[in-house]
Amino acid sequence: NKSILARLNTVETQMKFLQRKTKKVDIAKWLTKHHKDNIPILDYRGWLKTFNFNFDDLMYLVEEGYVNGLTNIIINRYWSDDNKFKTGEPLPIQCMYHNKNTFYLYDNNAKSWRRASNETMDKIMDIIHMRVGKLVVLWENSNIEKLDNPTSTESSFHSKLQKVVHGTSSSNIKMKNRAILKKIYNTIKDNMTTIVFDVEFE
């Protein structure tokens, strides 16, 4: 009994020590502090303005579906393997392994990183969806005569395109946008275990 009690006291002492040693790390503040020499040239607003799509992208969306297609287009066009732009410049968006499906955005106005709310990420995805929608209208206008023929290749493609891009409710689009963000997170998340071991992440 004394042996068991002694072990319990030892475990309790170790637990108290770990509790004292463990500290919480605000990832946004950590990024701001430790990325001073690696500040993105474009913040997330400027980065969003660079999102452009072309007619080939529309064909890809029809072939791959909205979620997989748009995810692949965004990642393949804007990310390199080391979480930078293809040009080598730092990206204004980061994800950490420890905070599931959470995004951190660099803000030029505040000169700092901040944790993005779900509402902010929803707005970003809504803007991207609108860009795709505008491209659909542009494609329609450039093929207006061919679309008058219901048996044309363009007419068949247009029907598929409408279902992929516009043929869902707004709530369904929101679900698809969340699915895209989840896929992006799983692709670009960074493991911070190289930083410290005795921390909790906020």
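This is a predicted model: local features need pLDDT of at least 70, side-chain atom pairs count only at pLDDT 80 or more; totals for chains, interfaces and linings use all residues.
Local features were taken at pLDDT of at least 70 and side-chain atom pairs at pLDDT 80 or more, whereas totals for chains, interfaces and linings use all residues. Residues are numbered from 1 along each chain as its sequence is written, and side-chain values use heavy atoms, with hydrogens and water left out.

Side chains of opposite charge can pair when their charged atoms come close. The structure contains seven salt bridges, a salt bridge being a side-chain nitrogen of Lys or Arg within 4 Å of a carboxyl oxygen of Asp or Glu. Asp43, Arg45, Asp107 and Arg114 form a network of such bridges. Helices (H or I, at least four residues) and strands (E, at least two) are DSSP runs, numbered from the N terminus.

Relative accessible area was computed with a 1.4 Å probe on protein chains only; under 20% is buried, over 50% exposed, and values in between partly exposed. Asp43 is buried at 7% and Asp107 is buried at 8%, while Arg45 is partly exposed at 32%. Lys146 is partly exposed, at 45%.

Two packed helices are described by the angle between their axes and the distance between the axes. For helix H6 (residues 118-142) and helix H8 (residues 153-165), the axes come within 12 Å and cross at roughly 165°. Axes are lines fitted to C-alpha atoms, for helices over the stretch in contact, and angles run from 0 to 180 degrees between N-to-C directions. H6 is therefore roughly antiparallel to H8, the term applying to angles over 145 degrees. The contact (heavy atoms within 4.5 Å) involves His129, Val132, Gly133, Val136, Trp139 and Glu140 of H6, and Glu154, Phe157, His158, Leu161, Gln162 and Val165 of H8. By class, the H6 and H8 contact comprises six nonpolar, four polar and two charged residues. Ala, Val, Leu, Ile, Met, Phe, Trp, Tyr, Cys and Pro count as nonpolar, Asp, Glu, Lys and Arg as charged, and the others, Gly among them, as polar.

Conventions:
Angles under 35 degrees count as roughly parallel, over 145 as roughly antiparallel, 65 to 115 as roughly perpendicular and the rest as oblique.
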